[in-house]
Every structure is written in structure tokens, then in C-alpha cells.
Amino acid sequence: RFAACHRYRFLRGDGRVRVDLTAAGYRRDIFGGRPNYRESVDDLVVTQSVDGVWSGYIVACGRPRYFALAAADAASANVVTNGVLELAFRGTAASTVLGFSDESVGEAVMRAQAAADKGFDAMRVAAVAAWTDAFGGIRAEFAEAADRKRFYSALYHSFQKPVEYRP
């Protein structure tokens with residue numbers, strides 16, 4: 001829930017991947033509107049450790065969000081624009097693990113490490129099982145395809161980034 005694994009293939013050899021840290025796990029569509037966190041980034045700190053882990057925090061809309069991005073195969077990383085980290089890879093394949101936390105960089109690193117230890121394939125199997133469990137009991141019919149698409153998109157996003165409403 002607080003980590004993601006990604007695999008990439010570069011058909012022409014060396015490749016680049018851009019990670020938009022401004023979303024910080026918060027970006028979501030709400031009634032057709034999307035907050036633009038990139039325009040409201042107050043601070044972004046990125047540091048690299050010797051083992052291919054970039055970590056730090058981003059403050060957007062006044063909220064800090066800590067992250068750890070593990071990309072052991074990356075040759076380099078640079079912040080290319082406000083809140084976007086670009087990783088350069090050598091070869092035709094690469095993988096990354098990204099962990100987030102509201103508490104600390106240490107917790108983000110632990111979440112990323114737990115995801116890396118579990119492995120991409122096991123994470124995918126667990127994700128499919130969780131989605132099947134979440135959506136398995138929901139059936140809906142719609143006259144218009146656009147309404148069906150909106151409903152399932154909203155449902156998907158509500159499970160992807162759950163939010164507890166506190167008035």
C-alpha cells in the first residue's frame with residue numbers, strides 16, 4: 001500500500017525513467033478536479049546513499065511526504081524539474097522500488113526494502129489478489145459506457161489511495 005515496484009524495458013539500450021515525486025501518493029481525481037502539486041512544491045530534498053537508494057522528502061501544499069527510491073541499476077539521477085527525478089540506466093532492462101511515508105525517511109526506506117525483499121512477481125500476485133477481493137463483490141450496470149468508465153475509475157482510485165474523511 002505504501003510501496004510500488006516497477007520494471008522497465010528499453011528497446012534501444014540505455015534508457016531514462018522520470019519519477020514525479022510531486023504526486024507523493026496524494027494525487028487523485030476528485031469530482032473532475034486534480035490538485036496541481038507541482039505548482040505548490042514548497043521544498044524538495046533528495047540525497048543518494050552509496051547503495052543506489054535516493055531518499056528525501058517533498059513538501060507540497062504544506063504537507064511533508066518522505067520517500068525512498070531504490071534503483072540499484074541506475075547509473076545516475078538528477079532532479080530535472082520541480083519535483084521530477086530522472087534516473088539514467090545502462091542496458092535494456094531496469095527496475096525500481098519506491099516507498100512513501102508520512103512519518104520519516106527511515107519508514108519509507110523500510111517500506112521500499114520490504115517491497116524489494118518480497119519481489120516484483122510476488123508483489124504483483126498480492127496486488128491482483130487484493131484487487132480481486134476488493135472488486136469481487138461489486139456489480140453495477142450502466143446505460144452509457146462513459147458512466148461505467150467513470151464509476152469504475154472512481155472505484156479504482158478510491159481503493160488505490162483510500163482517504164479517511166474527518167470533518
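This is a predicted model: local features need pLDDT of at least 70, side-chain atom pairs count only at pLDDT 80 or more; totals for chains, interfaces and linings use all residues.

Q: Which residues touch the most other members in the largest nonpolar core?
A: V19, W54, L85, L87 and F89, out of 17 residues in that core. A nonpolar core here is a set of buried Ala, Val, Leu, Ile, Met, Phe, Trp, Tyr and Cys residues joined through side-chain atoms within 4.5 Å. Buried means under 20% relative accessible area, exposed over 50%, and partly exposed in between, with a 1.4 Å probe and protein chains only.

Q: Which strands supply at least two residues each of this core?
A: β2, β4 (53–60), β5, β6 (74–81), β7 and β8 (93–101). Strands are DSSP runs of E with at least two residues, helices are runs of H or I with at least four, and both are numbered from the N terminus.

Q: Which other core lies apart from it?
A: One of seven residues, with C5, V97, A112 and A115 among them.

Q: Zoom out. How many helices and strands does the chain have?
A: Three helices and eight strands. From the N terminus on, the order is β-β-β-β-β-β-β-β-α-α-α.

Q: How much of the chain is buried?
A: 30% of the 167 residues count as buried. The chain exposes about 10800 Å², and carbon and sulfur atoms supply 52% of that. Those areas come from the Shrake-Rupley method with a 1.4 Å probe; for residues, only the protein chains shown count as cover.

Q: Now β2. Which side chains point to which face?
A: They alternate along residues 15–20. G15, V17 and V19 point to one face and are buried.

Q: How many bridges join β2 to β7?
A: Six, and the two strands run antiparallel; β7 covers residues 84–89. Strands pair if DSSP finds at least two bridges between them. V17 has L87 as its bridge partner in β7.

Q: What about E86, buried or exposed?
A: Buried, at 11% relative accessible area. E86 is in β7. Its side chain makes a polar contact with the side chain of R18 at 2.8 Å. Another, of 3.5 Å, joins the side chains of E86 and R16. A polar contact is a pair of N or O atoms within 3.5 Å; within protein, one must be able to donate a hydrogen and the other to accept it, and residues adjacent in sequence count only if both atoms are side-chain atoms.

Q: R65 then. Which residue does the R65 side chain make a polar contact with?
A: D102, through its side chain, at 2.6 Å. R65 lies in β5 (residues 63–70). R65 counts as buried because its relative accessibility is 7%.

Q: And R7, where is that?
A: In β1, residues 3–9. R7 is partly exposed at 46%. Its side chain makes a polar contact with the side chain of D121 at 3.3 Å.

Q: Change of topic. How many aromatic pairs?
A: Five. Rings of Phe, Tyr and Trp (its six-membered ring) pair if their centres lie within 6.5 Å; planes under 30 degrees apart are stacked, over 60 edge-to-face, the rest tilted. F142 and F151 have ring centres 5.3 Å apart and planes at 45 degrees, so that pair is tilted. F142 and Y152 have centres 6.5 Å apart and planes at 75 degrees, so that pair is edge-to-face.

Q: Where do F142 and Y152 sit?
A: F142 is in the loop between α2 (120–135) and α3 (145–160), and Y152 is in helix α3. Ring pairs link F142, F151 and Y152 into a cluster.

Key. Residues are numbered from 1 along each chain as its sequence is written. Side-chain values use heavy atoms; hydrogens and water are left out.
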